[in-house]
Amino acid sequence: MAREVKIGNRMVGDGHPTYIAAEIGINHNGDLDIAKRMILEAKRAGVDSVKFQKRTPEICVPRDQWDIMRETPWGYISYIEYRRKMEFGLEEYKEIDRYCKEVGIDWFASVWDEPSVDFLEQFDPIAYKVPSAALTDHGLLRKLRDLGRPVILSTGMSTMEQIRAAVSLLDMDKLVITHATSTYPCDPEELNLRVIEKLRAEFPCPIGYSGHEVGLIPSVVAVALGACLVERHITLDRAMWGSDQAASVEPQGFERLVKYIRVTEAALGDGVKRVYPSELSSLKKLRRFQ
């Protein structure tokens, strides 16, 4: 099979430009205006899509954590109430869908539970992302497979055995696997980018990278190692409130990331050694023995 998958109007895989997704996730802190500003900044940076997260708090938050109190932008409230306030509902997603079409950028979301899939289906999503936390939710994986849409499977905090089990439940022809380490932010020593090569050797589908590090260099190196999709969190300001902000990239950084990835793609070439026309004058002037 060809190591490529179509996401929206873009082919993702070997021989195609790296697909770059800016994850807004929950960095919007429940504020639709902030989300729209992030969408616009992602578009300006030149990414292919933005990604959100959709979950049903009552399913995804363990019951013993519901009543834990914490400081939030809404005051000192229970964890379950905080999770509810962070979730966008139908009206917000209608506006996100409308605004992305107006700006001219694709969007999709990570789905954390089966009702969230049902919710997002009404927007005809270009793909679904399986977050690392849901890699072992086999019911969710089967539901996504049966829908027939492209699936991006993130592999943070997972063993190879768990990854193989998840992949066996999905359609390889519509699958992208992303290497990830689920630490926010992640130390360089735990990024383990060579896993990208291991995943490429074992699975015949496109392999990508979902990065949670500080800085841009590892995400660019991931492309050099064969990642054909790169996902990074975007934020307006890394000092904003929220657990993902410190591992996110601000708008100017995202512009640089896109530029660095495109330069890396051009520099990698095709692996065929040749003498370029631009070298001929140097060859003539500097080489003594032809």
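**Pockets, core and cysteines in a predicted model**

Q: Which helices each supply at least two residues of the lining of the second largest pocket?
A: Helix H9 (217-224) and helix H10 (251-268) each supply at least two residues of that lining; helices here are DSSP runs of H or I with at least four residues, strands are runs of E with at least two, and both are numbered from the N terminus. This is a predicted model, in which local features need pLDDT of at least 70 and side-chain atom pairs count only at pLDDT 80 or more, while totals for chains, interfaces and linings use all residues. Residues are numbered from 1 along each chain as its sequence is written, and side-chain values use heavy atoms, with hydrogens and water left out.

Q: How much space lies in the second largest pocket, then?
A: About 230 Å³ lies in the second largest pocket. Of the 15 residues lining the second largest pocket, Gly-15, His-16, Val-223, Ala-227 and Leu-268 are the closest to its centre. A pocket is an open set of points on a 1 Å grid over the protein atoms alone, with protein on both sides within 12 Å along at least five of seven lines, whereas a cavity is a set of points where a 1.4 Å probe fits but cannot get out, and in both cases lining residues have an atom within 4 Å of a point. Grid points are joined across faces, edges and corners, and a volume is the space filled by probe spheres set on the points.

Q: And the largest pocket, which residues lie nearest its centre?
A: The largest pocket holds about 430 Å³ of space, and among the 27 residues that line it, Gln-53, Arg-55, Trp-112, Tyr-184 and Asp-244 lie nearest its centre. The elements giving two or more residues to this lining are strand S4 (49-54), helix H3 (79-86) and strand S12 (229-233), and the largest share, three residues, comes from H3.

Q: How does that lining divide by nonpolar, polar and charged?
A: The lining of the largest pocket has nine nonpolar, ten polar and eight charged residues, where Ala, Val, Leu, Ile, Met, Phe, Trp, Tyr, Cys and Pro count as nonpolar, Asp, Glu, Lys and Arg as charged, and the others, Gly among them, as polar.

Q: Is Asn-192 buried, partly exposed or exposed?
A: Asn-192 counts as partly exposed, at 46% relative accessibility; buried means under 20% relative accessible area, exposed means over 50%, and partly exposed is in between, using a 1.4 Å probe and protein chains only. Asn-29, whose phi is also positive, near 55°, counts as buried at 13%.

Q: Changing topic, how many disulfides does a search of the whole structure find?
A: The search finds zero, a disulfide being a pair of cysteine sulfur atoms within 2.5 Å. The sulfur of Cys-205 is too far for a bond because the closest cysteine sulfur, in Cys-228, is 8.5 Å away. Cys-228 is accordingly in no disulfide; Cys-205 is buried, with a relative accessible area of 0%, and Cys-228 is buried at 4%.

Q: What about Cys-60, which residues does it touch?
A: Not counting residues up to four places away in sequence, Cys-60 touches Arg-55, Trp-112 and Asp-113, contact meaning heavy atoms within 4.5 Å.

Q: Last one, which residues touch the most other members of the largest nonpolar core?
A: Val-50 and Phe-52 do, out of 69 residues, and helix H1 (residues 32-45) gives the most to this core, with six residues. A nonpolar core is a set of buried Ala, Val, Leu, Ile, Met, Phe, Trp, Tyr and Cys residues joined through side-chain atoms within 4.5 Å. A second, separate core of twelve residues includes Ile-7, Tyr-19, Phe-108 and Val-176.
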